[in-house]
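Subject: Structure handover

Hello,

Here is the structure we talked about. Please load it before reading on.

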Amino acid sequence: MQKITREQLIEKASELLANGTVSCVLGWGAGEFGYDVTPTVFKTAEEMKTGFVFSDFCGANFSKYLVAKTQKTEGKILVFLKPCDTYSFNQLLTEHRFDREKVYAVGIPCEGMADISKIKAICGEGISSITAEGDTFIVTTLYDDEPIAIEASAVLAERCVNCKSKKHVAYDELMGEDGDVLDSGRFDEVARLEAMTPDERFAFWQNELSRCIRCNACRDACPACTCEKCVFDNPKSGVENKSPANSFEEKLFHIIRAFHVAGRCTDCGECSRVCPQNIPLHLLNRKFIKDINEFYGDYQAGAEVGSRAPLVNYTTADLEPGEVFNREG
Amino acid sequence: MQVNEYKPLIVAFCCNWCSYAGADLAGNNRLAYPADVKIIRVPCSCRVNPMFILRAFQRGADGVIICGCHPGDCHYTSGNYYTRRRMAALFSMLDFLGIERERTRVEWVSAAEGAKFAATMNDFAQKVAALGENKRLEDLRCKK
Amino acid sequence: MLKCSLDKIQNLFAEISKSAKLYLPVDGKDGGASYGEWSEGVEWSGALNTTKSPKDFFFPQTEDLMAFKTAGKSIEIIDTRSESEDFVVFGVRACDAKSFDILDRVFLSEPQDSFYAMKRKHGIIVTAACTKPSETCFCQTFGIDPASPAGDISTWKTADALYLQANTEKGTALLEKLGAILEECSDDAVNAQKEKTAAIMQKLPLKDLNTDDFGGGKTQELFNNPAWDELSQSCLGCGTCTFVCPTCQCYDIKDFNTGNGVIRYRCWDSCMYSEFTRMAHGNNRLTQKERFRQRFMHKLVYYPENNDGLFSCVGCGRCLAKCPISMNIVKVMKKIGGNKGE
């Protein structure tokens, strides 16, 4: 499904490694089953030839890794950024979280990434191979004699179904053609929830958040969560907790986390992608984004470096908290 | 016979420069407001972190109100403007999670507005009392 | 061997739940299965396994140990334990059934953990044989046969019936209570299913993964392996692997200030967390590499060293499916052990 190939990326990386522009490459490492891709640092072109992969399962957003990797690495790091990753990249630069001089960013086009759980929902467990042919995945399993053909559009990750932009907002070099900011339906689900009664909304979230196992994957994968020490990890904070002891703590964690990234969240969707319990965490972030757009004017975090996030800004004519609900009637 | 009327526990975060003085004035003028309003003095209304509000609910508050200087009058020039944006976003989020919107409020009370302070507290306590106990943001472990 | 026709399975569940609470895997709206209490109309999930393992029944994620109340200078200690009632955990897979052996060695060795022991005493485990293992399954690496699960009662589901066999006294007692719903039958259908599953096991991608390079006494050899750097480099430090793992048994004991007293509780901890085993002097594992290494060394070296060679992994494949960056014990075993498994 992806238009750019593994070979093209390896060629580009080899060239940049050979001419000394970069000292290493942050890329996707192949796994056991074709869909289990691990972010990996490659030091040589040879390493890339054996271990590098680029497929429809390379959803991981590398931007956050740059915070740690740029501190450890001598020379520049080559990083491949999909359009949505570039927003996180800019946002981290806005917050001075890594040294731009130590990164060589190559923008790569993205046709949307697949969600393996959606594929498994169609063809079941026991996948032996997945190959992309045009806009179709050909899946062979241990239990079906014939390969199963699945339309790629049917198994797109949620965030890609509602892709907000195919445009790269940051790069040193661009491979392929740049796209446009899209008119996505990403707020539709938020609007649907808003239209419910408070009781229905409460029941919805109570059910979703009750599955939380507090693994912190959402936080640890989030490019906006780069605090050295999270308040929820700090025993002196009074709210540190390693488990969701009851429904209050589930809500506390997710409200505070969503609030802390409000105005800075680029809506990259990593939180929902990594959640082992499939909690639609992106809806909390999108609610804040939608509100901020409606209250204070359209704002896309990460669209440009140095922009002032809405919650650390103000105008004297802002609406009053009490007016928030009156507006909605 | 004693009637056990339900009285909501209200936590009021008041800024040091205006609203806390406003509460003082209400007291000096012998203006009545519910005794179950517990005032916590903060340097500025923007000192109130969303965590404070949720923790108040956790420890048994039925309503939380934040009082600060009128916009434009902040002792620190702009603190309450930030409060206004943050709380607008936070309250909207609480509502999104199905938590009663009447349980949280922001009100601007100056040092001269003792009467407004008392009236605000009376009104807020009444609204919260109508909702009953806070069930949606309660922590059962903290119930006596 | 006893059997129950599948159209009577709801009757079977109803009968079991007369004497004990019955928990079984049920499908969630999100597509994942989890254990839920049976009540009329609740269907047994067809999923291979639940997202969270059934260790939760015996070693819950959060569990109150005791409470304190202070009044003036006196302190009252309140015992919050409640005597457990019998309960049945139905549909446990062979891998998860084996995980209880691993947990038992930790919690039931002296001094016994009374919280865990009580729940083990009251819990009846009914296992279900696998017929369609996933590509992520590698239980055979640890000598587990998914077609012959352990537990108090083993069951096999075929196209039209559920076959049951008691393995322990507890299991026999439960089956006796079920009486008329069950009928005696031969082992033929079950044996046929076992053969079929055995053939599938030979086709699994991880079938050749073995533990030859691991076990007690390997600490010196494996601890300083340079590959740990590479393996741990993209670990996010989240606790997903440890919290979905059926054998991870580390916990933390914490005090919660309720405002009018203190509740002392324990909760699962994860060696991936920066606060894990933090002491007065600070933390003894300062980097993610050290934390990452701890997890796998514990499962593959330290635990077997202390437990007669028993590995602390059952090959359920949950971490393979759930790790946000797809780093897992299989990749570690192949890299560190030089075991390509091909």
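Below are the notes on strands, core, chain contacts and domains.

This is a predicted model: local features need pLDDT of at least 70, side-chain atom pairs count only at pLDDT 80 or more, and totals for chains, interfaces and linings use all residues. Residues are numbered from 1 along each chain as its sequence is written, while chains are lettered from A and ligands numbered from 1 in the order in which they are written.

**Strand β3 of chain A**

Start with β3(A), residues 77-81. Helices (H or I, at least four residues) and strands (E, at least two) are DSSP runs, numbered from the N terminus. Five of the five residues of β3(A) are buried, so this strand is largely enclosed by the rest of the structure. Buried means that 20 or more other C-beta atoms, placed from the backbone, lie within 10 Å of the residue's own. I77(A), V79(A) and L81(A) point one way from β3(A). L78(A) and F80(A) point the other way.

β3(A) pairs with two strands, β1(A) and β4(A). Pairing requires at least two DSSP bridges between the strands. Strand β1(A), residues 24-29, runs parallel to β3(A), with three bridges. There, C24(A) stands opposite I77(A). Strand β4(A), residues 103-107, is also parallel to β3(A), with five bridges. There, V79(A) stands opposite A105(A).

**Core**

The largest nonpolar core has 223 residues. Such a core is a set of buried Ala, Val, Leu, Ile, Met, Phe, Trp, Tyr and Cys residues joined through C-beta atoms within 7 Å. V79(A), A114(A), I10(B) and M93(B) touch the most other members. Helix α3 of chain B, residues 79-96, gives the most to this core, with eight residues.

A114(A) has contacts beyond its neighbours within four places in sequence, including D56(A), F57(A), F137(A) and V155(A). Two residues are in contact if their C-beta atoms, placed from the backbone, lie within 7 Å.

**Chain contacts**

Between chains A and B, 33 residues of chain A are in contact with 33 residues of chain B. On the chain A side, α10(A) (247-260) gives the largest share, seven residues. By class, that side has 22 nonpolar, three polar and eight charged residues. Ala, Val, Leu, Ile, Met, Phe, Trp, Tyr, Cys and Pro count as nonpolar, Asp, Glu, Lys and Arg as charged, and the others, Gly among them, as polar.

Between chains C and A, the contact takes 39 residues from chain C and 34 residues from chain A. On the chain C side, α8 (240-244), β12 (262-268) and α10 (318-322) of chain C give two or more residues. That side has 17 nonpolar, 13 polar and nine charged residues.

**Domains**

Domain bounds come from an automatic or database domain assignment. Chain A has domain 1 (6-113 + 164-174), domain 2 (117-152) and domain 3 (188-328). The C-alpha centres of domain 1 and domain 2 of chain A are 28 Å apart. Their contact takes four residues from each of these two domains.

Chain C has domain 1 (2-59 + 82-201) and domain 2 (219-250 + 269-336). Their C-alpha centres lie 28 Å apart. Here 22 residues of domain 1 of chain C are in contact with 18 residues of domain 2 of chain C.

Best wishes

Definitions and conventions:
A residue is buried if 20 or more other C-beta atoms lie within 10 Å of its own, exposed if 12 or fewer, and partly exposed in between; C-beta atoms are placed from the backbone.
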